[in-house]
Amino acid sequence: MSFCCGASMVGTKGTLKHYRTQVHNVPLLFCPVCHRVEVHYKVENEYEILAEYAHGDGVTDVDFQDYVMEDEESIFENVVNMESEDTLAIIRSQIDMALDLLAVSKQIGDVKWERELKKRLAVMSQRRNRLQQKA
């Protein structure tokens, strides 16, 4: 599991730009709170190598899936949520985890962590409320 802002990151696939080369279908992790995106750690080296070679060869578009043999299921086996899931369900899951962590932070008396968790909960609660209003 990967974390950012204390929230578990959501697994997805997307396109990243490396100089003038677009690399499609890259396994990614993104934070539902601050929206930070990073290449999944299981394929980070492969991505860097492919992106560098494609850029060096002057290729403008390359599909990551054509060059990496690891299947999506094994790449994302340790991810709590996938982007393909219902957005509201993801946010609710993130809120539940943050509440559990908040209880732990209070138990151990970590005031800084507690403040960070409360900020994260506020962001996710606002997002949940917006999603519920749209539905």
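Guide: Two strands are said to pair if DSSP finds at least two bridges between them. The model shown here is predicted.

Visitor: What makes S4 and S5 a pair of strands?

Guide: DSSP finds 3 bridges between S4 and S5, residues 37-39. The definition asks for at least two, so S4 and S5 pair. The two strands run antiparallel. Phe-30 stands opposite Val-37 in S5.

Visitor: Which residue takes a positive phi in the hairpin of S4 and S5?

Guide: His-35 does, with a phi near 70°. This hairpin has 6 residues between the strands.

Visitor: How do you know that S3 and S4 pair?

Guide: There are 8 bridges that join S3 to S4. At least two are required, so these strands pair. They run antiparallel. As an example, Gly-14 has Val-26 in S4 as its bridge partner.

Visitor: How many residues lie between S3 and S4 in their hairpin?

Guide: The hairpin has 2 residues between the strands, and Tyr-19 is in the turn. Strand S3 covers residues 10-18 and strand S4 covers 21-30, with the loop that holds Tyr-19 between them. The phi of Tyr-19 is near 55°, which is positive although the residue is not glycine.

Visitor: Why is Tyr-19 called exposed?

Guide: Its relative accessibility is 56%. Exposed means over 50%, so Tyr-19 counts as exposed.

Visitor: Where is Asn-25, and why is it called partly exposed?

Guide: Asn-25 is found in strand S4. Its relative accessibility is 26%. Buried means under 20% and exposed means over 50%, so 26% falls in between and Asn-25 is partly exposed. Asn-25 also has a positive phi, near 60°, in a residue other than glycine.

Visitor: What makes S4 mostly covered?

Guide: Of its 10 residues, 7 are buried.

Visitor: Why are Glu-38 and Arg-36 called a salt bridge?

Guide: Their closest N and O atoms are 2.3 Å apart. The cut-off is within 4 Å, for a side-chain nitrogen of Lys or Arg and a carboxyl oxygen of Asp or Glu, so Glu-38 and Arg-36 qualify. Glu-38 is partly exposed at 26%, and Arg-36 is partly exposed at 37%.

Visitor: How many salt bridges are found in the whole structure?

Guide: The search finds 3. Another is formed by Lys-42 and Glu-77, with the closest N and O atoms 2.9 Å apart. Lys-42 lies in the loop between S5 and H1, and Glu-77 lies in the loop between H2 and strand S7, so the pair ties together parts that are 35 residues apart in sequence. Lys-42 has 24% relative accessibility and is partly exposed, while Glu-77 has 60% and is exposed.

Visitor: What makes Glu-114 and Lys-118 a salt bridge?

Guide: The closest N and O atoms are 3.3 Å apart, which is within 4 Å, so Glu-114 and Lys-118 form a salt bridge. Both residues are in helix H4, residues 111-134, and being 4 residues apart they are separated by about one helical turn.

Visitor: Are Glu-114 and Lys-118 buried or partly exposed, and how do you know?

Guide: Glu-114 has 16% relative accessibility, under the 20% limit, so Glu-114 is buried. Lys-118 has 43%, between 20% and 50%, so Lys-118 is partly exposed.

Visitor: Which residues form the negative surface patch?

Guide: The patch is formed by Glu-46, Glu-70, Asp-71 and Glu-73. Asp and Glu count as negative, so the patch is called negative. Glu-73 lies in helix H2, residues 72-75.

Visitor: Why is Glu-48 called partly exposed?

Guide: Glu-48 has 43% relative accessibility, which lies between the limits of 20% and 50%, so Glu-48 is partly exposed. Glu-48 lies in helix H1, residues 44-56. Glu-48 and His-18 are 30 residues apart in sequence, and their C-alpha atoms are 9.0 Å apart in space.

Definitions and conventions. Residues numbered from 1 in each chain as written. Predicted model: local features only at pLDDT ≥ 70, side-chain atom pairs only at ≥ 80, totals over all residues. Heavy atoms only, no water. Buried < 20%, exposed > 50% of the residue type's maximum accessible area, 1.4 Å probe, protein only. Patch = residues over 30% accessible without salt bridge, like charges linked within 9 Å, V, L, I, M, F, W, Y side chains within 5 Å. Areas by Shrake-Rupley, 256 points an atom, 1.4 Å probe, with all protein chains shown as cover. Charge placed at Lys NZ, Arg CZ, Asp CG, Glu CD.
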